[in-house]
Amino acid sequence: MRRGVGAGAIAKKKLAEAKYKERGTVLAEDQIAQMSKQLETFKTHLEEFASKHKQEIRKSSQFRVQFQEMCATIGVDPLASGKGFWSEMLGVGDFYYELGVQIIEVCLALKHRNGGLITLDELHHRVLKGRGKYAQDVSQDDLVRAIKKLKAMGNGFGMIPVGGSYLVQSVPAELNMDHTVVLQLAEKKGYVTISEIKDSLNWERERASHVVDHLLKEGLAWLDSQAEGEPQYWLPALFSEIASRDVTPEEANQMTP
Amino acid sequence: MSFEWPWQYNFPPFFTLQPNVDTRQKQLAAWCSLALSYCRHRKLYTLDVLEAQESPLFNNKKIERKLSVEAIQVIFEELRKKGNLEWSDKSKSRCLIMWRSPEEWGKLIYQWVSKNGMVNSVFTLYELANGDDTESEEFHGLEEGMLLRSLQALQTDGKAEIITMDDGKGVKFF
């Protein structure tokens, strides 16, 4: 008997296909059912994890760092959106949101002194002070993350790497590469001179003057014309004595609203 | 009690008149505050411009910085505009520094008088400013010109009357 390509064969083929399709559907349904079950289990585990560690997340900066690193490994950003699963479950978003508010407060309070530029160290010192004795421990890593979040939200925040740490910029003063590199140069002694800029960076005098003028204009630098040799340009943000001094009532009155 | 200097005092540029207008404004405001606090602490009622340049207030020997005469004049002008300073002479070499107004002084004096039940008594100016009784009071040692003005303020208020006596002036409180 010949294996024909007759109507019968076609019909048989169609029936076979239909049966496979059905089988496929059945398979998919199976899988979906299984996955749902797995997800349920996963969700329960997550909720347990969340309740167990919520306190730790709020209290321990070390735990937070490890948690963040874990999230990064699996491709999750717990701060990606304020209302994300993670931030709601664990209150991580709240923690950084509140910290962001505190950072803004400190920067605003000191803006009249330093023109909107502050070292990460000083910011850290003041944030801790503002939180009081019973406050949760906040690390510089926490600050950096909160600032990155603020920056992403368009609050005019920026971070300039200087001498192993950062200068935090809270006022959207236009600082380009030239300005930034001079700030980094100033970090060592708290001031710069035109000669130092020229020698260290190999710039023309005019380029150096231009940068210095801009820093003066933005209120980030003050002129000292009594220095020996040539004028010095000092940055209040880098003046270490300021770090521990409170804002006096007189100073508070001088602050622009 | 030693005087507590503000952070600006040890910041070298503080002693250079700033070229940037906004920064200069902050600088002048800080200098005015500092000058008044310092004079209040040392109970200085008058300042001589040339002498002032050498005082610790305008001359920080530790950081080797001091205000120029020009800068001091600018600060004094600011204080004058705010009502805290008056020139004693046309050449502007000497001034009265008022970290308290005559009215405020008058009030303090009157408080002491009434607290001690001495209303209706007569005092010589000397007794008020330099007597043993007032030794612990803030107005003890008050410079004569200022004392007179504060009593005049009280007089305008009807709380005192300045009387001329044989060897000077006196005052009666009501």
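**A sheet of chain B and its surroundings**

Author: In chain B, three strands in the order β1-β5-β4 form an open sheet with antiparallel pairing. The strands at its edges are β1 and β4 (85-87) of chain B, each of which pairs on one side only. From one strand to the next, the twist averages 30°. The model is a predicted one, and every value given here is computed from it. Strands of a sheet pair through backbone hydrogen bonds, in either a parallel or an antiparallel manner. Between β4(B) and strand β5 (residues 94-97) of chain B, which run antiparallel, there are 3 bridges. Within this pairing, Glu86(B) has Leu96(B) in β5(B) as its bridge partner.

Asp48(B) and Arg94(B) form a salt bridge, with their closest N and O atoms 3.8 Å apart. Because Asp48(B) lies in strand β1 of chain B and Arg94(B) in strand β5 of chain B, the pair ties together parts that are 46 residues apart in sequence. Asp48(B) counts as buried, since its relative accessibility is 18%. Arg94(B), at 35% relative accessibility, counts as partly exposed.

Lys43(B) is found in the loop between α1 (21-42) and β1 (46-48) of chain B. Its phi is near 55°, a positive value in a residue other than glycine. With 36% relative accessibility, Lys43(B) counts as partly exposed.

Further salt bridges can now be placed around these elements. Side chains of opposite charge can pair when their charged atoms come close. Over all chains, the count comes to 11 salt bridges. One of them is formed by the side chains of Glu54(B) and Lys66(B), at 3.1 Å from N to O. Glu54(B) lies in helix α2 (residues 49-54) of chain B and Lys66(B) in strand β3 of chain B, so this pair ties together parts that are 12 residues apart in sequence. Glu54(B) counts as partly exposed at 42% relative accessibility, and Lys66(B) counts as partly exposed at 31%.

Another salt bridge joins the side chains of Glu138(B) and Arg100(B), at 2.7 Å from N to O. Here two loops are involved: Glu138(B) lies in the one between α5 (125-130) and α6 of chain B, and Arg100(B) in the one between β5 and α4 (102-115) of chain B, so the pair ties together parts that are 38 residues apart in sequence. Glu138(B) counts as partly exposed at 43% relative accessibility, whereas Arg100(B) counts as buried at 12%.

Arg65(B) has its place in strand β3 (residues 65-66) of chain B. With a relative accessible area of 10%, Arg65(B) is buried. Its side chain meets that of Asp224(A) in a salt bridge, at 2.7 Å from N to O. A polar atom of the Arg65(B) side chain also lies 3.3 Å from the backbone oxygen of Ile63(B). Leaving aside neighbours within four places in sequence, the residues in contact with Arg65(B) include Asp224(A), Gln226(A), Ala227(A) and Gln232(A), as well as Pro12(B), Phe15(B) and Phe58(B).

This pair belongs to the contact between the chains. Chain A and chain B each give 23 residues to that contact. About 2,000 Å² is buried between chain A and chain B, with carbon and sulfur atoms giving 57% of this area. The count between the two chains is 1 salt bridge, and there are 8 residue pairs in polar contact, both residues being at pLDDT 80 or more. On the side of chain A that touches chain B, the elements giving two or more residues are α4 (92-114), α9, β5 (222-224), β6 (232-234) and α10 (249-254) of chain A.

Chain B has a further sheet to set beside the one described at the outset. It is an open sheet of 3 strands in the order β6-β8-β7 (chain B), with antiparallel pairing. Its edge strands are β6 (122-124) and β7 (160-165) of chain B, each pairing on one side only. Neighbouring strands are turned against each other by 30° on average, direction ignored. Helix α6 (residues 144-156) of chain B packs on this sheet and touches β7 and β8 of chain B, its direction making about 130° with that of β7(B).

How values were computed
Residues are numbered from 1 along each chain as its sequence is written. Chains are lettered from A and ligands numbered from 1 in the order in which they are written. This is a predicted model: local features need pLDDT of at least 70, side-chain atom pairs count only at pLDDT 80 or more; totals for chains, interfaces and linings use all residues. Side-chain values use heavy atoms; hydrogens and water are left out. Helices (H or I, at least four residues) and strands (E, at least two) are DSSP runs, numbered from the N terminus. Buried means under 20% relative accessible area, exposed over 50%, partly exposed in between (1.4 Å probe, protein chains only). Two strands pair if DSSP finds at least two bridges between them. Axes are lines fitted to C-alpha atoms, for helices over the stretch in contact, and angles run from 0 to 180 degrees between N-to-C directions. Contact means heavy atoms within 4.5 Å. Buried area is the accessible area (1.4 Å probe) that two parts lose on being put together, summed over both. A salt bridge is a side-chain nitrogen of Lys or Arg within 4 Å of a carboxyl oxygen of Asp or Glu. A polar contact is a pair of N or O atoms within 3.5 Å; within protein, one must be able to donate a hydrogen and the other to accept it, and residues adjacent in sequence count only if both atoms are side-chain atoms.
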